[in-house]
Amino acid sequence: MKKMTILDRILLLITGLLAAYLIIAGIDGFSTVPIIAFTIAFGILLVAGLLLIILGFSVLESPIVVILSTIIPLSLSLGLVWEYFPAWKIGYLVFALVGLTAVIITRTSTKGKGAVITLATVHGVAGVLITFVPFILSINGTTSGRFAFVGVGGALIGIGGLLLAFLKTGKPILSKERILSVLPALLLLMTLAYVIGFG
Amino acid sequence: MSKFLTTYKTKLQNYWSLTKSLQTGLLLTTGVAGFMSARCPFLNWTTVLQVAGSLFLAVSGSTILNMWYDRDIDAKMHRTCARPFPTGEVKPIEGLILGAIISAIGVGWALSMDLLYGSIVFAGLFFDVVVYTLWLKRRTAWSIIWGGISGGMPILAGRAFGLGYVDWIGILLSLAILFWIPTHILTFSMRYRKDYQRAGIPTFPSTYGDAFTIRLIAASSVLVAIAITASAIGLGLTFGFLRLLAVLSFGLILLAFSSIIKPSERLNFGLFKYASLFMLSTMLVLIAQAI
């Protein structure tokens with residue numbers, strides 16, 4: 001397992017501080033449910049960042065990582081749908097809850113093809129939403145132009161999720177060392193994109 | 001001249017290591033946070049520095065006195081045998097005088113600022129040195145409760161100084177520190193179990209076993225979260241700061257319960273570190289909301 005460098009720790013610390021800023025003040029303009037959903041997403045990011053700093057990259061070997069990394073895009077996408085597509089909010093809430101439950105069940109019991117398909121479906125839907133919805137909203141004028149950065153953050157989550165998911169399946173796109181080398185910077189850029197997008 | 005300077009520098013370094021700067025710094029932060037949480041009308045940086053200075057001296061002084069008294073057990077433990085007293089770098093009588101003088105200056109300074117503030121600072125020092133270290137530490141594992149009460153005094157003192165009286169929020173904040181202490185000390189005593197056994201110090205893991213200790217850590221983590229949240233609501237923290245506290249508390253509880261489900265040395269160490277970060281972050285939140 002790659003040893004965490006001082007630079008990695010600094011990047012993760014800045015990520016944690018930015019996530020803390022988002023939780024405290026960066027999401028104040030939204031309604032209650034999106035605020036809760038975004039708090040869950042950035043809260044997981046903050047706690048995960050702190051645990052990475054404390055325990056190193058070996059934290060990523062925990063089976064709970066897959067579940068927590070599913071909650072982040074699901075919460076972000078739920079917040080976006082609830083805020084900007086009110087007609088779909090209950091339907092998407094049900095999808096998010098059922099999807100998360102399915103991921104937990106398949107990850108803790110079967111771990112076969114069904115687990116991969118479930119994970120890919122839930123991640124896929126959430127990933128598409130958090131990447132494209134902000135771009136569409138900023139292009140059609142529903143939100144400010146810089147809200148597109150939320151989509152950039154979403155895309156970076158997607159990249160990070162894909163890298164980690166393929167690593168977990170034993171068919172890594174990049175080597176494990178390379179993935180762990182870029183992960184702190186990727187998390188920082190992602191969080192920074194959200195700070196700019198929500199700002 | 002150069003030799004004199006080198007000797008002087010080494011001496012200062014030894015004295016500094018006697019203060020356990022990280023632990024003292026954390027307690028000092030709780031005191032400053034307690035003071036600033038009062039959002040008192042006379043809040044200014046000179047007063048904040050006075051609070052920090054008096055607490056630094058009182059806490060450092062009590063820490064030096066503890067180290068002086070515990071020098072025999074420190075010598076038996078791998079973790080502490082390189083401290084200045086066991087190695088002979090600081091003579092016992094020298095440390096005793098240093099600790100007594102620094103404690104007296106710290107408490108005296110605190111008393112000169114405010115009688116109530118000074119009394120609580122003195123109570124903290126008394127509980128720590130006399131009740132915890134001299135009386136109970138070598139007799140019972142439950143001594144950590146007195147260590148916890150002592151640890152809760154700086155935040156209570158700081159808030160009482162800001163308000164001019166002791167209120168329920170100050171008591172809750174000091175309870176939060178009291179509940180946090182087991183998470184901090186018990187994970188530590190599990191990590192260095194052999195050291196404590198070698199020194200003959202009763203600890204929860206050695207007296208009641210790991211399973212009970214881990215459950216106690218989890219329960220105290222939940223109580224810390226409850227006490228901090230209730231204090232924060234009482235202080236009227238904004239929804240944003242409350243959200244952050246909820247997230248940090250969730251992390252603490254998650255780690256504590258994970259260690260019940262799947263105990264490991266690594267998780268235990270993670271909980272120990274996270275608990276310190278949690279307390280520091282919580283205090284910084286209290287300071288930030290007051291600025």
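Author: A nonpolar core is a set of buried Ala, Val, Leu, Ile, Met, Phe, Trp, Tyr and Cys residues joined through side-chain atoms within 4.5 Å. The model here is predicted.

Reader: Which residues touch the most other members of the largest nonpolar core?

Author: That core has 119 residues, and the ones touching the most other members are A:F42, A:L46, A:L76, A:Y194, A:F198, B:Y117 and B:Y274.

Reader: Where does the largest share of this core come from?

Author: From helix α2 of chain A, residues 32-55, which gives 14 residues.

Reader: What is A:L46 in contact with, leaving aside its neighbours within four places in sequence?

Author: In chain A, the contacts of A:L46 are A:G16, A:A19, A:A20 and A:I23; in chain B, they are B:L244, B:V247 and B:L248.

Reader: And how many residues are in the other core?

Author: Twelve, including A:V66, A:L78, A:W82 and A:Y92; this core lies apart from the one with A:L46.

Reader: Switching to the surface. Which residues make the nonpolar patch?

Author: A:F149, A:V152, A:L189, A:L192 and A:I196, over about 370 Å². Helices α6 (148-169) and α7 (176-198) of chain A each give two or more residues to the patch, and α7(A) has the largest share, with three.

Reader: Is A:V152 buried, partly exposed or exposed?

Author: A:V152, in helix α6 of chain A, has a relative accessibility of 31%, so it counts as partly exposed.

Reader: What are the scores for the model?

Author: ipTM is 0.89 and pTM is 0.87. For chain B, pLDDT averages 91, with 98% of the residues scoring at least 70.

Methods
Residues numbered from 1 in each chain as written. Chains lettered and ligands numbered in written order. Predicted model: local features only at pLDDT ≥ 70, side-chain atom pairs only at ≥ 80, totals over all residues. Heavy atoms only, no water. Patch = residues over 30% accessible without salt bridge, like charges linked within 9 Å, V, L, I, M, F, W, Y side chains within 5 Å. Areas by Shrake-Rupley, 256 points an atom, 1.4 Å probe, with all protein chains shown as cover. Salt bridge = Lys/Arg side-chain N within 4 Å of Asp/Glu carboxyl O. Helix = DSSP H or I, 4+ residues; strand = E, 2+ residues; numbered from the N terminus. Buried < 20%, exposed > 50% of the residue type's maximum accessible area, 1.4 Å probe, protein only. Contact = heavy atoms within 4.5 Å. pLDDT = per-residue confidence, 0-100.
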